[in-house]
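Subject: A structure for you to look at

Hello,

I am passing on a structure that is new to you, and I hope you enjoy looking through it. Please open it alongside this note.

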Amino acid sequence: MLSNSFLLLNKNPKNSIFRFLLLHPWRNFQNPNLKFPSFHSFSTLPPPPASLSPQNSPDIGYKLNHKDWLSPNEVIKIFENLKDPNSTISVWNQYTRRKDYKPNEAIYTIVIHQLSLAKNFDAIEDIMQRIKLEKSCRISNEFFYNVIKIYGHSAGRTKKAVETLLDMPKGFNCWPNVKTFNLVLNLLVSAKLFGDVHEIYLQAPMLGVEIDACCLNILIKGLCENGDLKSAFYVFDEFPKQRCKPNVRTFSTLMHYLCVKGEVEEAFGLLEKMEIEGIDVDTITFNILISGLRKRGRVAEGMELLMKMKLKGCEPNEASYQEILYGLLELGKFVDAKEFMSVMLCKGMNPSLLSYKKLIRGLCKANLIGDVDLVLKQMVKQGFVPKMGMWKLVTRSLFSGTGASNICLTQITGA
C-alpha cells in the first residue's frame with residue numbers, strides 16, 4: 001500500500017523529494033557520503049524575468065513574480081530602486097498583471113517620475129488614460145501639477161498640458177486649483193501661444209478657479225511680450241474688479257516693456273503710483289528704470305537713481321552698477337568708466353568681460369596706455385584671458401608713436 005502511494009507521487013516529475021526517497025531507502029540515510037538534494041532544486045518560485053534590465057536588482061523580478069501579497073509601500077520601493085528608468089514600463093506591466101494590483105497616487109507618481117527620466121512621454125500619456133478609465137483612486141491637485149509640468153517643461157507638449165487641465169474635473173473628478181491653472185498660463189506664455197492664453201483665462205469660472213494677482217500678472221506678461229501694451233494696461237485696471245491688488249511684479253513687468261519702447265517717463269509714473277499705494281520697490285524694479293535711462297543716454301539720472309535706491313533702503317546689486325558702467329562706456333566717458341569700475345571692484349562687484357573689452361578699446365583709441373595697463377592687469381586678475389585681437393589693439397596703440405611709449409609690452413603681458 002505504501003509502495004503504491006510512492007509510485008503515484010513519483011509520476012509527477014516535480015516531486016523530486018519523493019524520487020529521492022524511493023531511490024535511497026531510509027537505511028541509507030546513515031551513509032555520511034550521501035548528500036540530500038538542495039532545497040532550491042525543488043523550489044516552485046519562478047526565476048526573475050528576462051525583460052528586466054540587467055542593471056536592475058534581481059530582487060525586483062523575484063518580488064513581482066512571487067505570489068505573496070505586495071503592499072503599496074513595497075511596490076513604491078520597487079520602482080524607486082530601478083537603476084535603469086528605461087525598464088519602468090516593463091516593471092509596470094508586470095505589476096498590472098498581479099492579482100493584488102491596486103495602485104494609488106504615490107505609485108502613479110513614482111512611475112510617472114521614472115518614465116519622465118527615461119523620456120518615455122508616450123507611456124505617461126497611456127498611464128494617464130488608464131487612471132482616467134480605472135478610477136481606482138482619488139488623485140490630488142499636486143499630482144496633476146507635476147504631470148502638467150512634465151508635459152510642458154520636459155516633454156514640450158504644451159497642448160497636452162492644456163488638455164490635462166481642462167479634463168481634470170470630468171475625466172478625473174479633480175478640480176484644479178489656481179496654482180495648477182497659473183502653471184498652464186505660464187506654459188502658454190513661454191511657448192508664445194498668446195491667443196490660447198486668453199481662451200484658457202476665460203475657462204477659469206468653469207474650472208472653479210478663482211483669479212488671483214499671479215494669474216493677472218501672467219496675462220500682463222503675455223500681452224506685453226506680444227507687443228500689446230494697451231491690452232496689458234486694460235488687465236492692470238482689472239485688478240480691483242477681480243478683488244486683487246497689484247504687486248511689485250505687476251509694476252516691474254509694465255515698467256520693463258515701457259522702457260523697451262522708450263517710454264521712460266511713463267515708467268517713472270508707475271514708480272510714483274507704487275509709492276502712493278505703499279508698494280515696496282525692489283532692486284529689480286530700480287534696475288529696470290536705470291537700464292531704461294541708460295538706453296536713452298541719461299546716465300547721470302541713472303546715477304542719481306542709484307543713490308535714491310540706497311536712501312530708500314534698497315541695496316543696489318552688481319546689475320545696478322553694471323548698467324551705469326555700460327552707460328558711461330556708450331557715451332565715450334572712458335576715464336569716468338575706469339574710475340566707476342574701481343568703485344565696483346572696491347564693493348566686491350566684478351565687471352563683465354564685455355565692459356572690459358569696451359573700456360580697453362576706448363582707452364586705446366584715446367591713447368591712454370597707462371590706464372590700459374591698469375585695466376588689463378585687473379582683467380587678468382579677475383580671471384579673464386585677453387584674446388589675440390585685444391593684444392593687437394594694445395600693441396598698435398603702444399607703437400603708434402602718440403601714446404605713452406615708455407610702457408613696454410612685456411610690462412603689460414607680465415601682469
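The chain has a mean pLDDT of 84, and 80% of its residues reach 70 or more. Confidence is highest in helix H8 (residues 141-154), at a mean of 98, and lowest in helix H2 (residues 16-23), at 41. Two stretches call for care: pLDDT stays under 50 over residues 1-52, and likewise over residues 402-415. For residues 1-52 the model has 40 contacts beyond four places in sequence, and for residues 402-415 it has 24. Where pLDDT is low, the predicted coordinates should not be read in detail.

Phe-181 makes contacts beyond its neighbours within four places in sequence, among them Leu-165, Ile-200, Tyr-201, Val-209, Ile-211 and Cys-215.

Next, the aromatic rings. The count comes to 12 aromatic pairs. In one of them, Trp-92 and Tyr-108 have ring centres 6.0 Å apart and planes at 50°, which lies between the 30 and 60 degree limits, so the pair is tilted. Trp-92 belongs to helix H5 (residues 88-96) and Tyr-108 to helix H6 (residues 105-117), so this pair ties together parts that are 16 residues apart in sequence. Trp-92 is buried, with a relative accessible area of 2%, and Tyr-108 is buried too, at 0%.

Another tilted pair is formed by Tyr-321 and Phe-340, with ring centres 5.7 Å apart and planes at 35°. Tyr-321 lies in helix H18 (residues 318-330) and Phe-340 in helix H19 (residues 334-346), so here the parts tied together are 19 residues apart in sequence. Both Tyr-321 and Phe-340 are buried.

Trp-92 and Tyr-108 also belong to a cluster linked by ring pairs, together with Phe-79, Tyr-95 and Tyr-101. Elsewhere, Lys-179 lies over the face of Tyr-145, at 4.4 Å from the ring centre.

Helix H12 (residues 213-225) is worth a look as well. Buried residues in H12 include Ala-213, Cys-215, Leu-216, Ile-218, Ile-220 and Cys-224. What covers the buried residues of H12 includes helix H10 (178-190), helix H11 (194-202), H13 and H14. Just after H12, Gly-227 takes a positive phi of about 80°.

Which residues does Gln-242 contact, leaving aside its neighbours within four places in sequence? They are Tyr-201, Ile-211 and Leu-216. Gln-242 sits in the loop between helix H13 (229-237) and helix H14 (248-260), and is partly exposed, with a relative accessible area of 27%.

Finally, Val-394 is found in helix H22 (residues 388-398) and is buried, with a relative accessible area of 0%. Its C-alpha atom is separated by 9.4 Å from that of Leu-363, 31 residues apart along the chain.

Best wishes

Key: Residues numbered from 1 in each chain as written. Predicted model: local features only at pLDDT ≥ 70, side-chain atom pairs only at ≥ 80, totals over all residues. Heavy atoms only, no water. Phe/Tyr/Trp six-rings, centres within 6.5 Å; stacked < 30°, edge-to-face > 60°. Helix = DSSP H or I, 4+ residues; strand = E, 2+ residues; numbered from the N terminus. Buried < 20%, exposed > 50% of the residue type's maximum accessible area, 1.4 Å probe, protein only. Lys NZ or Arg CZ within 6 Å of the ring centre and 35° of its normal. Contact = heavy atoms within 4.5 Å. pLDDT = per-residue confidence, 0-100.
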